Structures are given as structure tokens and as C-alpha cells.
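Here are my notes after going through the model, as numbered points. Have the viewer open while you read.

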Amino acid sequence: TIAGLKAVEVLDSRGRPTVAVTLRLADGRTVRAGVPSGASTGSREAVELRDGDPHRYSGQGVLKAVANLNGEIQDLLTGRHFTDLAAVDRAMIEADGTNTKARLGANAVVGVSMAAARAFALLADLPLWRFLTPAGATPRLPVPHFNVVNGGMHAPNRLDFQEFMIAPLGAPSLAEAVRAGAEVYAALRRRLSDKGFATGLGDEGGFAPEIDTPEDVLSLLVDAVSDAGYRIGQDGIAIALDPAASEFYREGHYHVAAEKLTSDDMISRYEAMVDRYPVWSIEDGLAEGDWDGWIRLTERLGPRTQLVGDDLLVTNPGIVAEAIGRRAANAALIKVNQIGTVTETLEAMRLCREAGWAQMVSHRSGETEDTFIADLAVATGCGQLKTGAPARGERVAKYNRLIEIEAAGSRPYGLP
Ligand code: PGA
Ligand code: ZN
């Protein structure tokens, strides 16, 4: 039973308003959740409620979402007995009444859902990851995917691809994977400054150098990995990309540096990258509307590369099921706020597991200090988490949570 709910407008890591929710249990204990927010959002994501008042935070305020929480949602939930998290989530979905959570606000609903998961964990006296573990899943520490070079919507540089990640697939433990990530990050900083590039950071803590082509960044990453003394490749440190291609797709073409590419040109470009560099995973390699392109991409590169749908799938169980049926990718990015409840997120992950699709749990570019996603990744045993660079407090908080989970009792590390 939830005895009380209190929401406030706080800041996210970009200095934009977001929602923080505190639930009070009947015994007086409290649980809290901070809500993340994306910049390169998929068009079919659950809809955040923003105030639109130009006199406050350029219209980005969330006082309406906060008012819904402190009013209607509090009235809906307090004093009622809920047997499980699914019942709480269902009550909010029904009360909202839209397909996108636009009326109450997905940013309001997801905060309660995350906090309610913590409440059930507390009542069951379980760590959050243990409470979230679905039947049929084996918890494991995920491979951290450190986003070390930022472009696209996450940085003011001219680089079109949004994210260049290093993934210590071959590390012996999570703690060693974090160490590898931090050491390569430091080596990369040295290389960039030796070459005269600025070492300022993008939204997710990666460097944001003025480099034109993705291939030049890949070469730098390979060099930084060997500078730091690690083996490059799937038995050591591999590379993962999130071009976030919806953002450079215009009028039927992909615009990369000075080039204008068709879907098939773009696929060939990725093929050449996979041949030449240890790129093991590509997320949103094509735009969210380019399903035919995705199907050809999966035919051509799927046998040797993980192809992750983010904007394409938006953690929506219905869209994930469609993509599985059409073989439009072979993995899903998982963001709780894209769909708006923990229950629906777990459902999307279950569909993937049952279809043999991989899953990568993910932060948003606008984050808080909340570490929910670290527990979610461990719980589901999906083996992959991306939550930015090994720098900036809101990113490091998640990696540090993984270190603490590992230290509390040894669990397997790595891909399942
Ligand atoms: P976003 O970016 O949080 O700005 O949407 C993250 C991603 O594209 O994976
Ligand atoms: Zn993405």
C-alpha cells in the first residue's frame, strides 16, 4: 500500500527540468526515482508532458506533470492495495487513457513505476535487481558500453554519428571492465590533445572533437585501446556504434559528412567499417521509418553484427513483436521512459529473450543520479548496458552501482 506520493521539479544532467518522485509506504519508509529524458527521441516514444510556458525554462518546465502526480495520480494510488507492480502500472495506464501516456505524462508515470518497483523490493527485503528478475532469466553483470566520443544531437561538433562506444567484452569481471573503460578514456584524451583536438565533453560524457568522418574516430579508438595496453576485438575491447541515423536522414537520403547516401550505400559503408574495425554492434544504423532498409541491413550484416533498434522499436512490445516477425533487426535497445512503465519494459525484454534477440539496457542523454537501469540490466541477464562515458556523475553512478552489486556477491559477467 502506498501511503503518500510527493513529486517535485528538479534538474537533469543537461540543466533541463525533470521529475523526481517519492513514495511513502505505510510504515513510513520512502523510495524515490528520478526521470531521464532523451534528445534524439523516436517519434513513437511515450510522450513527456512539458509545460510549454515560454517564460519558464523555455517551455521545458514539468509543473503540469508534477501537478498530475501530486493530484490525480496520488489520489489514484494511495490507500489502495496493489498485489504487484503490474497492477500499479495498469492502474496508471487505464487512468491515462491514451496510447502514449500523453495525458498524465510519460515522465510522470515512469517515475511512479520505477519508485513502485523499489517499494515492492523494499517490502520483500530484496535488492532491486533481485526483485526485478523475471522467471526464466539468470541475473548477470552486463558489459558496460562506454560512450567515449559524442556527436549528433549530443554535441555541438560536426560529427554526424551520435555515439562511439567501447565495450570490454573480454574483461574477466565488471570491475575490470570499468577499469578498462576508464583507462582507454584517459588514453583517448591524451591522443586527442596530442593531435590538437579540444577535449570538451558532450551530453553523455564522451569527447566531442571536430572530426568529420566516423572512420577517423574509429581509427582513434583502436589506437587509444592499444595505448592503454588492451587487446582490440571481441576477446578484449570491441567497439559499438549508435549513429542515431534518424537524425541525419532527410528526403530519402543519409547525410554523412559531405556525402549523400541511399540506404544501400549506408549499409555498404557499415559493411566496410565492420570489415576494417572491430565494430561488434550498430544501433540505429538506419532511420526509424526505413523498415525496408533495416530488413536488408539485417540480411547483409546480421550474421556477424548485432543490429540494435532504438528509435525503430522504442521499447514498445507491439513494435518489437512486429520487428521480430519481419527480421528488421536482431536486438533491442531498452529505455524505461520510452514506453513509460517498468512492466511494459520487462514485457519487451521477454519478447526479445524468447525470440533469441539480444537486449541492451540504456540511459538517456538527459539523466539524473538514479541508478535504476543498472539493476534492470543485472536482473534480466541481458548482458549489456550503455550509460555513457566513465565520467560525469550521472553516468558514473550507474557503473558504480554495478560495481557494488558485483562486490556484494559474485555473479557471472558478460554477454549471456
Ligand atoms: P537520447 O539518445 O537519450 O538523446 O534519445 C540516446 C540514444 O539514442 O541511444
Ligand atoms: Zn540510440
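1. Start with the metal. Along the chain, the donors of the zinc ion (ligand 2) are spaced as D-x40-E-x26-D. In this predicted model, the coordinating residues are D242 (OD), E283 (OE) and D310 (OD), at 2.0 to 2.2 Å. Donors here are N, O and S atoms within 2.8 Å of the metal (3.2 Å for Na, K and Ca), and water is not among the atoms, so sites may look incomplete.

2. What does the pair E283 and D310 tie together? E283 sits in strand 10 (residues 279-283) and D310 in the loop between strand 11 (306-309) and helix 9, so the pair links parts that are 27 residues apart in sequence. Helices (H or I, at least four residues) and strands (E, at least two) are DSSP runs, numbered from the N terminus. E283 and D310 are both buried, where buried means under 20% relative accessible area, exposed over 50% and partly exposed in between (1.4 Å probe, protein chains only).

3. Some bookkeeping before going on. Residues are numbered from 1 along each chain as its sequence is written, while chains are lettered from A and ligands numbered from 1 in the order in which they are written. Because this is a predicted model, local features need pLDDT of at least 70 and side-chain atom pairs count only at pLDDT 80 or more, with totals for chains, interfaces and linings using all residues; side-chain values use heavy atoms, and hydrogens and water are left out.

4. Now ligand 1. There are 15 residues around ligand 1, and A39, H154, R364, S365 and K386 come nearest; a residue counts as near if one of its heavy atoms lies within 4 Å. An N or O atom in the side chain of S365 is 2.6 Å from an oxygen atom of ligand 1. For H154, a polar side-chain atom is 2.7 Å from an oxygen atom of the ligand. D242, which also coordinates the zinc ion, has a polar side-chain atom 3.1 Å from an oxygen atom of ligand 1. The protein buries 100% of the 280 Å² that ligand 1 exposes when taken alone (Shrake-Rupley areas with a 1.4 Å probe; for residues, only the protein chains shown count as cover).

5. On to helix 9. Which residues of helix 9 (residues 317-326) are buried? They are P317, I319, V320 and A323. These cover an arc of only 160° around the axis, which puts them on the same side of helix 9; the arc is that of the directions from the helix axis to the C-beta atoms. Their cover includes helix 8 (291-301), helix 10 (336-339) and helix 11 (342-355).

6. Have a look at both ends of that helix. N316 caps the N-terminal end of helix 9, with a side-chain oxygen 2.9 Å from the backbone nitrogen of G318. Just after helix 9, R327 has a positive phi of about 50°.

7. Two further backbone angles to check. V314, in the loop between strand 11 and helix 9, has a positive phi near 45° without being a glycine, and V314 is buried at 1% relative accessibility. K101 is not a glycine either, yet has a positive phi of about 60°. K101 belongs to the loop between helix 2 (85-96) and helix 3 (106-123) and is buried at 5% relative accessibility.

8. T341 is buried, at 0% relative accessibility. Leaving out residues up to four places away in sequence, T341 touches D89, I93, K101, V109, V110, S113 and V336; contact means heavy atoms within 4.5 Å. The T341 side chain also makes a polar contact with the side chain of E344 (2.5 Å). A polar contact is a pair of N or O atoms within 3.5 Å; within protein, one must be able to donate a hydrogen and the other to accept it, and residues adjacent in sequence count only if both atoms are side-chain atoms.

9. Last, I334 in strand 12 (residues 331-334). I334 is buried, with a relative accessible area of 1%. Not counting residues up to four places away in sequence, the contacts of I334 include T315, M349 and L376.
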